[in-house]
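Please look over the chain shown here.

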Amino acid sequence: MNLEKQAETLNDLVLINNDRMEGYQKAIDELRDEDADLRSLFQERIDQSRQFRDELVSEVVRSGERVAEGTKAAGKIYRAWMDVKAFFSGSDRKTILDNCENGEDAALRAYEETLECENLTPEQRSIVIRQQAEIKTSHDTIRAMRDTL
């Protein structure tokens, strides 16, 4: 039973990282040619999310449980909202960075909820804490960029 709960908890983060990849890809698609700095930053976030997902998938597989695929429903709602907001705002840098910060807020909440679970092994908890810290750094970088506009 504990392995099942561990897998379920980690699978939630697998889906969050899938959401991050899709969200940042959507942000890249909204960028203008002069936003090469953001394109590079967002691609780094996609690569980071892929690495995080792969680490989490390894833990789920190690437990012998099934790996979740796709994205979370909340992530799909977030991306739909981002589509509407971008349409009305003309996809300016500040709006795109606002949306990315909101996405990072959601990821941080998911990681915080995961750390409240008592069913993780010490190794899994260590992975989650490290990933959360890196997402927090990403969040703060994006917020700082947005605040300069």
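Axes are lines fitted to C-alpha atoms, for helices over the stretch in contact, and angles run from 0 to 180 degrees between N-to-C directions. This is a predicted model, in which local features need pLDDT of at least 70, side-chain atom pairs count only at pLDDT 80 or more, and totals for chains, interfaces and linings use all residues. Residues are numbered from 1 along each chain as its sequence is written, and side-chain values use heavy atoms, with hydrogens and water left out.

**α1 and α2**
- Helix α1 (residues 2-30) packs with α2 at about 160°, the axes being 9 Å apart; helices are DSSP runs of H or I, at least four residues, numbered from the N terminus.
- α1 and α2 are therefore roughly antiparallel (angle over 145 degrees).
- The contact of α1 with α2 has 14 nonpolar, 7 polar and 6 charged residues.

**α2 and α5**
- The axes of α2 (residues 36-62) and α5 (residues 122-147) come within 11 Å and cross at roughly 170°, so these helices are also roughly antiparallel.
- Contact means heavy atoms within 4.5 Å; among the α2 residues that meet α5 are Leu38, Leu41, Arg45 and Phe52, and the α5 side includes Ile127, Arg130, Ile135 and Met145.
- By class, 8 nonpolar, 4 polar and 6 charged residues make up the contact of α2 with α5.

**Cysteines**
- The count is 0 disulfides, a disulfide being a pair of cysteine sulfur atoms within 2.5 Å.
- Cys100 is buried (under 20% relative accessible area) at 4%.

Notes
Helix = DSSP H or I, 4+ residues; strand = E, 2+ residues; numbered from the N terminus. Parallel < 35°, antiparallel > 145°, perpendicular 65-115°, else oblique. Nonpolar A, V, L, I, M, F, W, Y, C, P; charged D, E, K, R; others polar. Buried < 20%, exposed > 50% of the residue type's maximum accessible area, 1.4 Å probe, protein only.
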